[in-house]
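Reader: Before I use any labels for this chain, I would like to see the rule behind each of them. Please take them one at a time.

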Amino acid sequence: GGSVFLGDLKVLSTSVAACVGICPLDGKKISESSRMILVYNTEESNSGRPHTADNSIAFGSYGKPPIVIRKGELKAEFKGLSGKKYSLYPLAINGLRREKIELPFDGKTVRVDIKNYGYKFGATSLFEIVAE
């Protein structure tokens, strides 16, 4: 129902309930980092697993593979390194980069506008952000 500050990351909106986090991989502050992992984790469940109407309790059968995730869209922003361009890579669960996505950057604020579905190689909840 509004924006949320998570330290240097400002979550502007998410279309569904989610766990959102960002972690610099070089040990620096987000605003000084050139490589980060962004997590956008929405609800997940085995296919066909029965739930209560509000999805708060799973019951009965455990369902079966594949695991499915709730589609979601995230808008967020953080301060970036001036003079850099930023790219985002959806990641496979083993950390391999998928297609490259350019991120808008006005020289001060990096804007992230992503979804966790619809990518060439499938859905994901992990993204690498790189200053190039």
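Author: Contact means heavy atoms within 4.5 Å. In the protein chain, residues 24 or more positions apart account for 57% of the contacts with a separation of 6 or more. The model is predicted: local features need pLDDT of at least 70 and side-chain atom pairs count only at pLDDT 80 or more, while totals for chains, interfaces and linings use all residues. Residues are numbered from 1 along each chain as its sequence is written, and side-chain values use heavy atoms, with hydrogens and water left out.

Reader: What makes up the secondary structure of the protein chain?

Author: Helices (H or I, at least four residues) and strands (E, at least two) are DSSP runs, numbered from the N terminus. The protein chain comes to zero helices and 11 strands. S33 lies in the loop between β3 (18–24) and β4 (35–42), and E32 is in the loop between β3 and β4 too.

Reader: Why does S33 count as buried?

Author: Buried means under 20% relative accessible area, exposed over 50%, and partly exposed in between (1.4 Å probe, protein chains only). S33 has 0% relative accessibility, so it counts as buried. Not counting residues up to four places away in sequence, S33 touches P24, L25, D26, K28, L81 and Y86. Over the protein chain, buried residues make up 33% of the 132 residues.

Reader: Why is E32 called partly exposed?

Author: E32 has 42% relative accessibility and therefore counts as partly exposed. C23, at 44%, is partly exposed as well.

Reader: Which backbone oxygen does the side chain of S33 reach?

Author: That of R35, at 3.0 Å. A polar contact is a pair of N or O atoms within 3.5 Å; within protein, one must be able to donate a hydrogen and the other to accept it, and residues adjacent in sequence count only if both atoms are side-chain atoms.

Reader: How far apart are E32 and Y62 in sequence and in space?

Author: E32 and Y62 are 30 residues apart in sequence and 44 Å apart in space, C-alpha to C-alpha. The C-alpha trace of the protein chain spans about 55 × 30 × 25 Å along its principal axes.
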